[in-house]
Amino acid sequence: MVKAIRVHELGGPQVLKWEDVEIGEPKEGEVRVKNKAIGVNFIDVYFRKGVYKASSTPLTPGMEAVGVVTAVGGGPTGVQVGDLVGYAGQPMGSYAEEQILPAAKVVRIPSSVDPTIAASVMLKGMTAQFLLRRCFKVERGHTILVHAAAGGVGSLLCQWANALGATVIGTVSNEEKAAQAKEDGCHHVIIYKEEDFVARVNEITSGNGVEVVYDSVGKDTFEGSLACLKQRGYMVSFGQSSGSPDPVPLSSLAAKSLFLTRPSLMQYVVTRDELLEAAGELFAAVASGVLKVRVNHTYPLSEAAKAHEDLENRKTSGSVVLIP
């Protein structure tokens, strides 16, 4: 038996229970991993609340972790006992001392990257990678808008986009987060509680608008985000921390021939090659210093409920990690 966080009924942070679970041995093509560090992401909150539907309950949340391989099932796995590996995305279930994973979903963690940093950055970092490099390809000369610029993904988007040569506009909720966003390479920071971000973006871009908006906030920012785009701009809606956006009539995209996408990492790392490319680019960016990862908050795994509470109440910045 190992300890894990279990959710028997959907709801607030209090539904996260610390329990004994049986995980068994790895089958062919699987590995057993003893977790050293577990990343916390807003998607974990969505599954806990039922915004995203899990296939069954009780469920163990968590979409990323780094740990040591303790057992290998049959067949070619490409990893061996003792390897330090990480994963991000499916299968859900990383809020556990140990877990069984498909070998095809794990990647070796380079020695140049600290395990806690790796656990905090795999999901967010591979998300930033596909958003900036594949969903819309950000290049020198582009102007982009990043909402929640001091958040986990937002912080990485700002740093990486700046390194790619883009002009970065970020929105944040307060002065403290504004200072962090500036440090992360935001050329212009908008405190959305104090000023209208649409008017401010219009002013910064001399009425031209931005090439792309990266919006993880959803309901509160969606319409304004569309208004900030230039002709043929890209609206990339990749989260909904304020709730689901209202339905969009297609006609609202027609005036400026806008593109709208609601992407997810899982559809961008479908093949082993895509996964290795995304992880490889990410770890290279971390090792070279392009990305500075802040693990500002660590909690014992048993206190996952407190971590969720703080995350939802906007008491965190940077990355949050659970330590078994």
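Visitor: Is Glu274 buried, exposed or partly exposed?

Guide: Burial is read from relative accessible area: buried is under 20%, exposed is over 50%, and partly exposed lies in between (1.4 Å probe, protein chains only). Glu274, at 22%, is partly exposed. This is a predicted model, where local features need pLDDT of at least 70 and side-chain atom pairs pLDDT 80 or more, while totals for chains, interfaces and linings use all residues. Numbering starts from 1 along each chain as its sequence is written, and side-chain values use heavy atoms, without hydrogens or water.

Visitor: Which residue forms a salt bridge with Glu274?

Guide: A salt bridge puts a Lys or Arg side-chain nitrogen within 4 Å of an Asp or Glu carboxyl oxygen. For Glu274 the partner is Arg134, with the closest N and O atoms 3.1 Å apart. Glu274 sits in helix H8 (residues 272-287) and Arg134 in helix H2 (residues 115-135), so this pair ties together parts 140 residues apart in sequence. Helices (H or I, at least four residues) and strands (E, at least two) are DSSP runs, numbered from the N terminus. Arg134 is also partly exposed, at 38%.

Visitor: How many salt bridges does a search of the whole structure find?

Guide: The search finds 15. Among them is Glu312 with Arg48, whose closest N and O atoms are 2.8 Å apart. Glu312 belongs to helix H9 (residues 304-312) and Arg48 to helix H1 (residues 42-49), so parts 264 residues apart in sequence are tied together. Arg48 is buried at 1% relative accessible area, whereas Glu312 is partly exposed at 25%.

Visitor: Which residue does Arg294 meet in a salt bridge?

Guide: Asp184, at 2.9 Å from N to O. Asp184 is buried, with 4% relative accessibility. Elsewhere, salt bridges with shared partners join Glu25, Arg32 and Glu98 into one network.

Visitor: Now the sheet: what is the order of its six strands?

Guide: Strands of a sheet pair through backbone hydrogen bonds, parallel or antiparallel; here, pairing requires at least two DSSP bridges between two strands. This open sheet has parallel pairing and the order S10-S9-S8-S11-S12-S13. S10 and S13 (259-261) are at the edges with a single partner strand each, so one side of each has no neighbour in the sheet. On average, neighbouring strands are turned by 15 degrees against each other, direction ignored.

Visitor: How many bridges join S8 to S11?

Guide: Three bridges join S8 (residues 143-146) to S11 (residues 210-215), and the two strands run parallel. Val146 has Tyr214 as its bridge partner in S11.

Key. Axes are lines fitted to C-alpha atoms, for helices over the stretch in contact, and angles run from 0 to 180 degrees between N-to-C directions.
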